[in-house]
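The sequence and coordinates are shown below.

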Amino acid sequence: MQRYTNFIASTTATNSTLTVLSNASCVVYIANTLGAATLYSDNGVTPLANPFLSSATGRIDFYAANGRYDVVVSKVGYLTVTISDIELDDLLAPSGSNSVGYLPAGAGAVATTVQTKLRESVSVLDFGAVGDGVTDDTAAIQAALNLGAFHLIYFPAGTYVASSLTCGADIALVGDGRKNSTIKFKAGSAGALLTANNAVHFTMINLGLDGNQANCPLGTQCLRISGVQSGGTGFSINGCGFYNAKLIGLYQTGTYSKANISNCVFEANQTDGLAVNATNALIEGNVCADNGRFGILAQGNYAQILGNTCSSNGQLVTSGAGIGVVNCSYPVVSGNTCLSNGTGAFFSHGIQFNTAADGVMSGNFSQGNNGSGLDIFTSARTTCTGNQTLSNKLRGIECDTTSSYSTIDGNVVTGNYEIGISVYNTIGTIVSNNSVIGNGTLGTVTNPLTAVANLPYGISLWGAGNYGNYSMVLGNQISQNIGSGANGVGLFIDAACVSVQLLGNSFAANTTQTTSVKANFAFVRDNQNVYTQQRGIAVLGAALTAVAVTFSPALTYAPDCAGIKVQFTSMPTANTGPFSITAISAAGFTINTYAAPGGAGVTIDWAVSVFA
């Protein structure tokens, strides 16, 4: 039963001005027939005569059963008005909303029906989900997901108990907040709570997934994204929560690119919080806490891991990290905070590159981890710059095990238990402009993480194989690395290490400034307090082509030519031509010119690097 109401006006045959047809005769027919319709003055209770009169204001008003009708309105002296094919539909019927129009606000908006507008998104409650934390809502949620591509599925606030759910591409799941709208794995379930397969453009926003690991003892994930991306821009997860999975909170496998995982929480998952291998993944602003191994594990090229906080991960499995980047090229890990990852016997770094190439670690803060603050392992051409790594229970920054051509620049490395910056079995490492202060705090006692005597050093070039060969140690502040008070070393260089360049460093208040020997170096220059310089002025007379320089005091060895600097400080009258340095000994050397300078002669500044 549906109501029809309208106002009717007409004109006379001679006057075009519309006049309201008050008290006019109204006849309602079943559409396209001459059969009179059954009418009511209310919703199906009080009959209404047919025909009937319009009101004094020209209004016609009646109820009739759902269907199509023609209305004929006539009055003496006026043209007859016919309204054809009126559709009456009960708004309480399933199709009722299709009879109500809707016009969005704004210029150019297109009119539609309420039904079409409401179907732009659906709620899982529309399919019978309850969300009371007790009822099994699997069938209802799956029915909503089965709507498929180009649908938005809404999860109002509640806890929805479900076993394994599946969806595909081009679908969006939206909740009222990761703690308010939660899907919880049904007790005894296994596998993944939600699997999105071949899920190009899959989107999830403000929704929580709870793996219920206490009651789901088999290997589980909260969300598993699998299969192959076919075109498009990957998947997007924003503002979601992934909790209590028996294995991994969010696990992405298969082939995907341009993934965006932002502003999510990954917490208390037994293995990893987040594990992805998508290329071009953006992982930004997430919080990863209390996961068993990695907070974030990225294995795809061009990953960008920015501004995340990873704390207290590595609680159940050794060799984890707050952030792990494994087997990939061109990763950027920047602006992250990694705190207290690992515990007890479980060894865990703050950030680790493992078999990565051409990666960047920049601007990260790594403190109190049960391992090293930053670890560069078997990786090539890493740039590690502008980080702070403090009070970690192994090393501040570790570059090791056949890593090559890394640059460790401009970092603050303070208060770590063992070595501040460790360069182990690598080649071509540059260690420059770092503040390496107060490391070796555990002294030389056995480190419980390694079960061997601790190494209380500021910077070390050591190990096996390449021993940090061809490294450059430039412009660092190396101070107060004192170990137990008797064993601290500012710079430790293994005796087998070769071709090191040591330039412009400042050593202060280390127990021992350095343990290196002359044979380690390609050249040494401009360091303070460990390798200093003798310097002076030599005067080459007007008619002379040689002048002797005498060291005071004499050295204990003959320096290399590369360790001697010579600078002419006045202009000779004649062209002296090329010069050479000869007769180098522990007592001094001779400066030779091709021709005499003439005039008043020439003054020459000289300096020589001196081993302390």
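**Basis of the description**

The structure is a predicted model, in which local features need pLDDT of at least 70 and side-chain atom pairs count only at pLDDT 80 or more, while totals for chains, interfaces and linings use all residues. Residues are numbered from 1 along each chain as its sequence is written, and side-chain values use heavy atoms, with hydrogens and water left out.

**Two open sheets**

Helices (H or I, at least four residues) and strands (E, at least two) are DSSP runs numbered from the N terminus; two strands count as paired if DSSP finds at least two bridges between them. In general, the strands of a sheet pair through backbone hydrogen bonds, in a parallel or an antiparallel sense.

Six bridges join S9 and S10 in the antiparallel sense. Glycine 67 has leucine 88 in S10 as its bridge partner.

Another open sheet consists of three strands, ordered S61-S64-S63, again with antiparallel pairing. Its edges are strand S61 (546–550) and strand S63 (579–582); each has a single partner strand, so one side of each is left without a neighbour in the sheet. From one strand to the next the twist averages 20° (axes are lines fitted to C-alpha atoms, for helices over the stretch in contact, and angles run from 0 to 180 degrees between N-to-C directions). S61 and strand S64 (residues 588–593) run antiparallel and are joined by five bridges. Alanine 546 is placed opposite asparagine 592 in S64.

**A mostly covered helix**

Burial is expressed by relative accessible area: buried means under 20%, exposed over 50%, and partly exposed in between (1.4 Å probe, protein chains only). In helix H2 (residues 138–145), six of the eight residues are buried. These are Thr138, Ala140, Ile141, Gln142, Ala144 and Leu145. With contact meaning heavy atoms within 4.5 Å, the buried residues of H2 pack against several strands, among them strand S14 (132–136), strand S15 (151–155) and strand S20 (191–197).

**Salt bridges**

Side chains of opposite charge can pair when their charged atoms come close. A salt bridge is defined here as a side-chain nitrogen of Lys or Arg within 4 Å of a carboxyl oxygen of Asp or Glu.

| Arginine 68 | Glutamate 87 | 3.5 Å |

Arginine 68 forms a salt bridge with glutamate 87. Arginine 68 lies in strand S9 (residues 67–74) and glutamate 87 in strand S10 (residues 81–88), so the pair ties together parts 19 residues apart in sequence. Arginine 68 is partly exposed, at 43% relative accessible area, and glutamate 87 is also partly exposed, at 46%.

Arginine 293 is partly exposed, with a relative accessible area of 25%, whereas aspartate 272 is buried, with a value of 1%.

Arginine 395 and glutamate 398 are both buried. Elsewhere, a network of salt bridges links Arg3, Arg59 and Asp61.
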